[in-house]
Amino acid sequence: MSLINEAIPDPAVAPLSRLSSRVGRATAALLPPLTALLIAAVVGDLLILSFGQSPAAVFKLLLEGTWGNAYGFGQVIYKATTLTFTGLAVAIGIRAGLFNIGAEGQLAMGGFCAALVGLLLPVGTPAVVAIPLCLAGAALGGASVASVPGVLKARFGASEVIVTIMLNFITLAFLNWLIATKLNVAESLHTPEINAGAVARLSSVIDAFRGSAANFVLLVALAAAGYVGWYLFRTRAGYDLRAVGLQPEAAEYGGVKVGSVWLRAMLMSGALAGLGGTNYVLGYKQYYEEGFAAGAGFLGIAVALVGRNHPAGVVVAALLFATLSQGGLAVNAVVPKQMVDVLTAVVIIAVATSVPEVQRLLRSTVRGGAK
Amino acid sequence: MGTGDGGRETGVALRAVGVSKRFGVVRANLGASLEVRRGEIHAVVGENGAGKSTLMRMLAGMYAPDAGLIEVEGRDVTGWSTREAIAAGVGMVHQHFMLVPTLTVAENLVLGQELTKGVQLDRAGAEAAVRSLCERTGLTVDPRRLVSDLTVGEAQRVEILKVLYRGAKILILDEPTAVLSPPEVVELWRVLRRLSSEGGTVVLITHKLDEVIEISSTITVMRAGETVGQVRTDETTPAGIARMMVGRDVRLAAEMEMDGGRGTGDGRAALRVAGLTVPSSRRPNEVDNLSFTVRAGEIFGIAGVEGNGQTELIEAIAGLRAASAGSISLGEADLAKMSVRERSAAGLSHIPEDRHRRGLVLEYSVGDNLILGLQRRFSVNGALQRERVQANATRRIREFDIRPPTPALPARALSGGNQQKVVVAREMRGREYSVLLASQPTRGVDVGAIEFIHAQLRSARDAGKAVLLVSADLVEVLALSDRVAVMYEGRFVAVLDRGEATRERVGPLMVGVETGDGGRGTGGSAEPGGEV
Amino acid sequence: MIVLAFLVQTLRIAIPYLFAAAGGVLSERAGIIALTLEGWMLTGAFTAVLGAHYSGSPWVGVLCGVAGGVLAAALHAVACIRYRGDQVVVGIAINLLAVAVTRFFLRLAFDSSSNSPRVVGFEFGTGDGGRGTGVLASLANPLVPLGVLSLVLVWWILYRTPFGLRLRAVGEKPEAAASVGVAVHRIRWIAVLGGGALAALGGTYLALEQHQFTDSMTAGRGFIALAAVIFGKWEPRRVALACLLFAAAETLQIQLQGLQLIPSQFVEMIPYVLTIVAVAGVVGRAAPPAALGKVSE
């Protein structure tokens, strides 16, 4: 990398490289997701054909079942809400140079803690008190799980990838034990309904959403995206965090304590993932149920990746993956809904591989143009 | 070219003609040439960034040239691979060792050309082969030891053995002495002479003139990616080679020396270092019980071959590296226990040696880089004040003529000189400070920017700042400093006043050679713990 | 008798771990993160059942299982080696992909969303004979000795063959290997494909022993194998011990189930907790191959 910036100024080349670097940045940001969608569409066609169906008809069905009616759209919003949280969680970690693969466990712990607070509060606690307390419980729950890799990374330099993977299993096993032995409603794998802290559905205001799980935790998700954007790009702490992610040694030189930034980023990441659990617990079922996370934490990685770790991109990517997920149900009668899970995985792989490829191509364009 | 047609008769082992190579927007070589005769020790000299390493790597098959011709023993091998180069007997010893630390010496040696017994590795055979090679060359090392347990000198021996094991007849060494102690250098010269006397060809990259004179029979000088010329060692002088190497610098140095030493140096002690010992991953005393004082209103320059502890010294003062003993104080403040930020707040400014690694966040805009380390001053209640960041950027860009004048451009897109101006602007104008650490302040920077940065350093001195300057460029140290310390193996072997510090005097000290009067000037004693 | 039953059950539980961990060691020692073990196993289990179902032969099942694992590994290799994709991201995606693809084709091939029909396995003698013979008969499966040998084989390859020497060099310092003409990418390709084949054998063993494929049947075993690789510090002999240790803990839990001494969930945590302790370096730091996960040009 440093070779590209080695001294020896060359006036003839400099303006060209500058131009390319600007156009290049935009291209580098948008090209990979677009390429990925194209590849996914082709793979989707093949899968649909393998089931003897018409791709055009299936994709039409998928769109009609999601953006085509209020219920479907409500479900997309509901799913996108959780994904926005987990996507933001992964994104803020990556901005600090950390890969939080533990969003799945943090999400579950957040949901559990929200339910726990809601159960501990007396019946009839006003919503203005109960909801913030439940949200705080969720954030704390997620952050507490994330504190383990945060501390181990900051203190011992332990790989946060390995620790978060392992911690997912530990967290889920622990919660399963709690639910199985201490807190469940008989013959079920969920807690009793919470006494306070329930969040209203969107359908209570807009009747067309009736039946869909979309609820006002959506606003918390959007606020979180706004906050993360402000934090990353408008605060000193965000400046420090991004510097640590890009060049830890330069950040250290600039007076930033790298270890504490890692810990703080991990705690924020965990808190965001934990808040994701409220969408199900407070906004939908009003109880914690084993396995409710159902991969939304892992999907957060895809959301952050496709959203290029930018809060606005994360919201858009969350909508995209939520559409795919809900669309799977819409087409399930014709082709197995797992088709969209395949497409999701294909999108992730395609983005992961096209990011470095696009950068390489851009570099060689600059080189070629310079000759 | 001084070889004439003599080269033809003795046989040309290696030839490069008009070779060019570009990395992205950077031109590493432009029409570089080289002609090495069989059996000679050929030195390739030039400043940092002259394109020596790139040219050597093309000879060894690591890169393909964009243009030009490379011949080995008269055969066109342009653009060949490492494997082909090895097969043809061309081997390269890299500046950064190409050894696998978790493997043994024998395993590293045979890697890629393993001896086998059936389908299994023949370990005993490999170890025996290493031993016999050791005997033949006089380079000894235990084949069973792990490379991670070797000293730097031993690791280099393994590198050379590795190349010889592959039957190299042409040996290319990239700055082999940079990491060696003087006895190890002597040992290396002995081995190279032996190889050469047995018909082997040695090409050696270095920028140390004393080495060139001592070991080589022919010299090729490179500058800015081009070959300046080739001379026979016995037909030239160090001054002659230096003239070829630096070109412009000779004129620059002359002007600068006129200007140097105006500082009074009699201000109060601004930076005091006492008994400082700094460990590195390589040894426990990279900086060895060092004591000195820099006064307000002087430039205290540290001359020395790179790797003698300068980097560790500066990083320890800046708080980026832990010291194992000693004290550092700035005015009345004891820095030793302070964080990087606290040291900076206490009045320490730092131009780091590597702007790509430390001095700049390359993906950040010029504007954001101009506040690196000053984040707190540009924020209120934790929120960055974007307008002030912008206003600061506009102002510094104008003051320091940073081009292009676009605050939003990522630092990566700037030329080396302009990148360094960003660092200098931030560290010297953006803040209050009393002590400036300037480490390699003009490395990889164009001539115009060098003059500008030198002027800045002088005016800081004139404004009463204490400046601690470290540079691998002796001309620069001599031109700017009021006092010159010569650093060798973690200690100051001499501290000289402006008037005493001449090239002739400092040069030998840098490579650990004591001159007649013991190298101790009136500038003070260099004894450990002594006040300088 | 109880001891024998314990040992036999430990071994049976350990076989898939041994296979997958052998694949993990091979891949990681070459510098490619083996987060995908789970996906490779699951793919192998599914294709093994496909093969056994359509041919009626367990051996064809094994071949198909290996082919499936190699295919999944090839996708990983293309993405991570050829296109320099982030190994962690691609690894997670391939795990998701394996779950989705097997479910999709489960519906396509068997029109079921939960399991395949019963397929043949390796049965020698009758399983429901005397109790003692039943225990031992469960070991009369050619995949059992193969599983035990898998890590031995990987150890032999790594430390006794020229290929293994190159592989270790590539995982530790690829630029050094490349400088002496070792084809870094080719070595990594072979290591990843071999890793996929070995992990898939673990999945095949599971599927043939249960005589069917069920949705997500590997149930995290790939991650336990990965934990064993890390806990065993990437060294085949230690990794084998880690696999046996984890399997023994599980066996103990199963055999003591009636007693309710320790909740099963806490026994499940053991491999993961030990692994975290190992990477945190509390007792002797587990240092991965230096080039693990790094892109090589």
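Predicted model: local features only at pLDDT ≥ 70, side-chain atom pairs only at ≥ 80, totals over all residues.

Colleague: How many helices and strands does chain A have?

Modeller: Helices (H or I, at least four residues) and strands (E, at least two) are DSSP runs, numbered from the N terminus. Chain A has 13 helices and 0 strands. A residue is buried if 20 or more other C-beta atoms, placed from the backbone, lie within 10 Å of its own, exposed if 12 or fewer, and partly exposed in between. In chain A, 59% of the 371 residues count as buried.

Colleague: Which way do the residues of β15(B) point?

Modeller: In a regular strand the side chains alternate between the two faces of the sheet. In β15(B), Ile299(B), Gly301(B) and Ala303(B) point one way, and Phe300(B) and Ile302(B) the other way. Of the 5 residues of this strand (299-303), 5 are buried.

Colleague: Which strands pair with β15(B)?

Modeller: Two strands pair if DSSP finds at least two bridges between them. β15(B) runs parallel to β22(B) (466-470), with 4 bridges, and Ile299(B) has Val467(B) as its bridge partner there. Another 4 bridges join β15(B) to the parallel strand β23(B) (483-488), where Val486(B) stands opposite Ala303(B).

Colleague: What is the order of the strands in the open sheet of 4 strands?

Modeller: The order is β14-β13-β16-β17 in chain B, with antiparallel pairing. The edge strands, β14(B) and β17(B), each pair on one side only. Between β13(B) and β14(B) there are 6 bridges; Arg272(B) has Thr293(B) as its partner in β14(B).

Colleague: How many residues does each chain bring to the contact between chain C and chain A?

Modeller: Two residues are in contact if their C-beta atoms, placed from the backbone, lie within 7 Å. Chain C brings 34 residues and chain A 38 residues. On the side of chain C, α4(C) gives the largest share, 13 residues. That side divides into 24 nonpolar, 5 polar and 5 charged residues, where Ala, Val, Leu, Ile, Met, Phe, Trp, Tyr, Cys and Pro count as nonpolar, Asp, Glu, Lys and Arg as charged, and the others, Gly among them, as polar.

Key:
Residues numbered from 1 in each chain as written. Chains lettered and ligands numbered in written order.
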